[in-house]
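Reader: I would like to go through this model with you, asking what stands behind each term. Shall we start with how the copies are related?

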Protein chains: 2
Amino acid sequence: MPDTEYSPSFTPVSEVGEFGLIDRLRAIVGEPADEAVLAGINDDAAVYRVGDGRVHVLTTDALIEDVHFSRAFTPMVHLGIKAVSVNVSDVAAMNALPRFAVIALGLPNSVSVEMIEAFYHGVQKAAAVYGLTILGGDTTAARRLTISVTVVGEAAEEEIVYRRGARPGDRLCVTGDLGAAYAGLQTLLDRHRALQQEGEGFQPDLEGFSYVIQRQLAPTARLDAVRAWQEAGVRPRALIDISDGLASEVHHLCRQSGCGALLYGAALPIDLETRTVADQLGRDVDTFALFGGEDYELLFALPEKALDKLDPDTYAVVGEVTTADEGVRIRQPEGEIFPLEALGFQHFGEDGVE
Amino acid sequence: MPDTEYSPSFTPVSEVGEFGLIDRLRAIVGEPADEAVLAGINDDAAVYRVGDGRVHVLTTDALIEDVHFSRAFTPMVHLGIKAVSVNVSDVAAMNALPRFAVIALGLPNSVSVEMIEAFYHGVQKAAAVYGLTILGGDTTAARRLTISVTVVGEAAEEEIVYRRGARPGDRLCVTGDLGAAYAGLQTLLDRHRALQQEGEGFQPDLEGFSYVIQRQLAPTARLDAVRAWQEAGVRPRALIDISDGLASEVHHLCRQSGCGALLYGAALPIDLETRTVADQLGRDVDTFALFGGEDYELLFALPEKALDKLDPDTYAVVGEVTTADEGVRIRQPEGEIFPLEALGFQHFGEDGVE
């Protein structure tokens, strides 16, 4: 039995941070002894060889009620779509395609058979879009609705892209736009508070916010980007999905690649609806784009000349890779350059670590 | 969007039962379109081909605080062992060996870095025993400690044993003994109550109960049986692990095999410590063995002549497979034969479905 078991010390996870915790756990688990393993605890998904030059990627993510979602404004069918999408996004972040999934559900008594069916309709809808086969799962009791999805993806070994391959001089690019899922969450929270204060007579105004709300409730994993890269014969040097906000993911990518980065604050792709929400709430929209989570877009590093092969409408150049000693910085639209902290997205209702 | 989303009906999961729920979800998910899939939602683990005549099995199980365990009397290192073992048991139940695992942790603020490290020491200890490589995972906030483990196992395609292969006339056998994990849980709950009533002066008497407590807190998956079968050149016709109690698992196996079963009530293997606990609590020990959960032994069906190849000390014959029309029955020690219900184990503190 390890010494830690009866140690009186209590270190909060927030004190060591996500990186610190992973380092400590990696020290316990050790390096993978299995020769088939190509990537373990350091990337969006684990990678191992399965023969015939193919590899599988394996990823698991949990959605927990009142931490990741509120049943008050999350339709079960959307929850099914989201639970699959967030895991498929991790597969896309390895430049792989999803194949199989299993789902473990923790069910409170307040969840009916009809609600579970609606959830599975969402799961199946997303699975069909992504070409994924749902293979089964596990149901158990729980105090709060708990959804753990595991996805197995596949690729040729040489197609896999890790977080670690970025080199100084590479362009940093993102698919889609940023901050919209966070704007959607703020919109839903704002209307929910108003509904509670004003009672049944209140008619929430969601007109004009369908994009940001859809981005929050039923996000789409960017498999289309992975497929487009493969068709164009382009392979990013480094790749990660944006689940906790761009700032946090740039730090992950730089740490794994042994590089730094300079982000262009004027180049962050932001949808008009996202700007409108930020304006209405009196918030800075760049904060949404940098630190808002759950966009499930892809951040990738490429040499500049490789960008010629990609449709310019499918990505935005948001910065460049630098040497490690420069750290992670952002150049504000006014030209000033600041260090960029790795502050990650804090989920709705969160009372612990992220 | 499916009709169910806005349906006013509320059917509790308990009304349709586990079988009913799985049937409904299978109707939504449909049959796997992927030709590599050999088993999906019907067995202990999903099975799919990975090339070179090999298959992978995939299983996921969650342990949720105050449903599956109480932190009041579960050391974190034991919890790590148990979280791995319950999943490896599902791999053993396919006659496969485990290879890779990922772990998703939901962490309340009250869980320290030291506690997570102790948990991972248990995980790593179990992984080393089972020859399993921990590849990573995910940590997130949660209101209660939530542990989801996913294990990938491997076997040659022809080695896989499903629940569905039993034939009338086969012997039904179990490894190890039954009811001990439930006896351990009752012992811990009993001492915990006494401790709360009598306060700090109370010294719980756990002397003589180390076996049942260990079976509850840190169970072992029966990979040793899988390895022994492979060495003896024996392959069971049908196989399932005993996680929810023998009665429930016999029903699963019979349902999948299209058979019935007759259990021999006088032949249930029960440890002396388990009997002592039942006696002290004034409970029927056969109830522990039939309906107590979490033993993680293996239940298997074999033609009688194949038993000659197995070490008789490693299993007990607990019944025989019959035709489906006879249903699942038990012959009491006194000779009377009764139908046996599929009542499953209800976890500690459970307030929902199992």
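Author: Gladly! Chain A superposes on chain B by a rotation of 180° with 0.0 Å of shift along its axis, at an RMSD of 0.0 Å. This is a predicted model, in which local features need pLDDT of at least 70, side-chain atom pairs count only at pLDDT 80 or more, and totals for chains, interfaces and linings use all residues. Residues are numbered from 1 along each chain as its sequence is written, and chains are lettered from A and ligands numbered from 1 in the order in which they are written.

Reader: How many residues does the contact take from chain A and chain B?

Author: Each chain gives 77 residues, where contact means C-beta atoms, placed from the backbone, within 7 Å. S5(A) gives the largest share of the side of chain A that touches chain B, nine residues. By class, that side has 39 nonpolar, 22 polar and 16 charged residues. Here Ala, Val, Leu, Ile, Met, Phe, Trp, Tyr, Cys and Pro count as nonpolar, Asp, Glu, Lys and Arg as charged, and the others, Gly among them, as polar.

Reader: What makes S9(B) and S11(B) a pair?

Author: Strands are DSSP runs (E, at least two residues), numbered from the N terminus, and helices are runs of H or I of at least four. Two strands pair if DSSP finds at least two bridges between them. S9(B), residues 259-264, and S11(B) have five, in the antiparallel sense, so they pass that test. In S11(B), Val321(B) is the bridge partner of Ala261(B). S7(B), residues 171-174, also runs antiparallel to S11(B), residues 316-323, with four bridges; there Arg171(B) is partnered by Glu320(B).

Reader: Where are the domains of chain A?

Author: Domain 1 covers 44-159 and domain 2 covers 163-339, with bounds from an automatic or database domain assignment. Their centres, taken over C-alpha atoms, are 22 Å apart. In chain A, 18 residues of domain 1 are in contact with 18 residues of domain 2. H2(A) gives the largest share of the domain 1 side, nine residues.

Key: Two residues are in contact if their C-beta atoms, placed from the backbone, lie within 7 Å. Copies are superposed by least squares on the C-alpha atoms of residues with pLDDT of at least 70 in both.
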